[in-house]
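Here is a colleague's note to read with the model open beside you. Take the points one by one and find each residue as you go.

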Amino acid sequence: MEIREHIGSRIGFIMLAAGCSIGCGNVWKFPWMCGQYGGGTFMAIYFVCLILLGLPIMTMEFSIGRAAQTSPVKMYKVLGNGKKFWSAMGWICLFGNIALMSFYTVVTGWIIYYFVSFLRGTTATLGFVSMIQNPNVNIIFLFVTIVLAFVVLCFKLQSGVERVTKYMMIALLLLIVVLGIHSLTLSGAKEGIAFYLIPKFSKISGNVIVGAMNQAFFTLSVGMGSMAIFGSYIDKNRTLMGETINIIVLDTVVAVIAGIIIFPACFTYGVEVGAGPSLLFDTMANVFNNMTGGRWWGSLFFLFMVFAALSTVLGVCENIVAMVREITGWNRPVTCVLSGIVLFATSTTTALGYSKLHFQPFAEGSAWLDFWDFLVSTNILPLGSLVIALFCCYKSVGWGWENFVKEANAGTGVKVQNWMKPIFKYFVPLAILFVYIYGMVTFNWK
């Protein structure tokens, strides 16, 4: 059965890949990590990680996907020079995508719930803690998220996820411009922007570097095949480093403007910038509840959040669907129904993790969300990125530098240059390995 589909246009590819990258990592996780790790200090390290680590890894992942013309579950085997151990990496990619969606779909459900609450004007009783401890809210909006995603994915690639994501991304970009301009008119805008964008290099620490690297990989969705699948859907008319730059720029613009929306509001209304995961929910709900016209500004803000979150859910779930189809040979509708059921089951652990299914994997107060996030953000993404670097740069263990450069540079656009080889081959894997080991040693296990 022929199941390889293709994206209809270059803009469709950019929007779809950017949509997969732009999501909760940009507008939920990035702002609260930035708040906790010192604002501008975290931003500076994050930008360095995007350029020196994110750009090479995403270019390599796109190249593997386009060269293999298959999903991540088989791409390493196809290009791995007959080495059988590469087959296992494909299965790790499938598990990683499922693990990511096992908490990401729940967070998306929270965002949809807040959007609906602001739209209805029922925000007086909103609260992050009360929401996550309410099993009915969590299960209902998790179900809504799963159904929305897999209904779209039931259609063919071009008429389903590509078309929907393209429109959502355009709406998202328009919304953040409006919200960002409005936020700059607030009285605390100057203090908020100073905290957010001016680095204090005395605050740089190992934990800040670890957090910035993991966030760079998380926001770009690299390391477990989420980008490779889109590489397999495109032609060879454009070089892959050029397309990677376009996607990273879009991703970074959204992340930066998300902070411009949030931090001036925090300083205007005297709320805590280091509130952690609840920053987007409790803090911003409090801001909008005390703002003139707050119901409508809140509705616009959480609509922007819904578009951002759903674009990633669609992108990653498309990856899961593609992998399952190549393993089983099933058609899209059957694959979508069964994949949706499995994801709903695994995501239920997170949805009920603060009410019915208590599980404390690490420090006091940790739950299923922290467990899934630990597997993905702290382990699978950085280690998967390390594997990609080794696979593309060393023919003795995988595909090799010459094959990678030939594929990456096919077409017109920015090309991988010879002077970049030491960065790709030595700096990237060594930096990832060092930061990963440091992060594991300093992780708050208890």
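**Notes on the model**

1. Let us begin with Asp370, which is found in helix α16 (residues 368-393). Helices here are DSSP runs of H or I with at least four residues, numbered from the N terminus. At 30% relative accessibility, Asp370 counts as partly exposed. On this scale, buried means under 20% relative accessible area, exposed means over 50%, and partly exposed lies in between, with a 1.4 Å probe and protein chains only. Leaving aside residues up to four places away in sequence, Asp370 touches Tyr354, Phe362 and Gly365; contact means heavy atoms within 4.5 Å. Asp370 and Leu300 are 70 residues apart in sequence, and their C-alpha atoms are 29 Å apart in space.

2. A word on the background before you go further. This is a predicted model, where local features need pLDDT of at least 70 and side-chain atom pairs count only at pLDDT 80 or more, while totals for chains, interfaces and linings use all residues. Residues are numbered from 1 along each chain as its sequence is written, and side-chain values use heavy atoms, with hydrogens and water left out.

3. Next, the charged pairs. How many salt bridges does the structure hold? There are 3 salt bridges, each defined as a side-chain nitrogen of Lys or Arg within 4 Å of a carboxyl oxygen of Asp or Glu. In one of them, Arg66 pairs with Glu407, and the closest N and O atoms are 2.7 Å apart. This pair links distant parts of the chain, with Arg66 in helix α3 (residues 40-68) and Glu407 in helix α17 (residues 401-408), 341 residues apart. Arg66 is buried, at a relative accessible area of 2%, and Glu407 is buried too, at 9%.

4. Stay with Glu407 for a moment. Its side chain also meets that of Lys236 in a salt bridge, at 2.6 Å from N to O. Lys236 lies in the loop between α11 (228-231) and α12 (240-269) while Glu407 is in helix α17, so this pair ties together parts that are 171 residues apart in sequence. Lys236 counts as partly exposed, at 44% relative accessibility. Put together, Arg66, Lys236 and Glu407 are linked in a network of salt bridges.

5. Another salt bridge joins Arg332 and Glu318, whose closest N and O atoms are 2.9 Å apart. Arg332 sits in helix α15 (residues 332-351) and Glu318 in helix α14 (residues 294-328), 14 residues apart. Are these two residues buried or exposed? Arg332 is buried, with a relative accessible area of 6%, and Glu318 is buried at 0%.

6. Now compare a charged residue without such a partner. Lys425, in helix α18 (residues 421-442), is buried yet has no salt bridge.

7. The axes of α3 and α4 come within 9 Å and cross at roughly 80 degrees. Axes are lines fitted to C-alpha atoms, for helices over the stretch in contact, and angles run from 0 to 180 degrees between N-to-C directions. The two helices are therefore roughly perpendicular to each other, a label that covers 65 to 115 degrees, whereas under 35 counts as roughly parallel, over 145 as roughly antiparallel and the rest as oblique. Ile64, Gly65, Ala67 and Ala68 of α3 make the contact with Met75, Tyr76, Val78 and Leu79 of α4.

8. Helix α4 (residues 72-79) also meets helix α5 (residues 86-120): their axes come within 7 Å and cross at roughly 165 degrees. These helices are therefore roughly antiparallel to each other. On the α4 side the contact involves Pro72, Val73, Tyr76 and Lys77, and on the α5 side Trp86, Ser87, Met89, Gly90, Trp91 and Cys93.

9. Finally, check two backbone angles. Gln69, in the loop between α3 and α4, has a phi near 50 degrees, a positive value in a residue other than glycine. Ser221, in the loop between α10 (206-220) and α11, has a positive phi near 55 degrees. Gln69 is partly exposed at 32%, whereas Ser221 is buried at 4%.

Note on methods
Lys, Arg positive; Asp, Glu negative; His and termini not counted.
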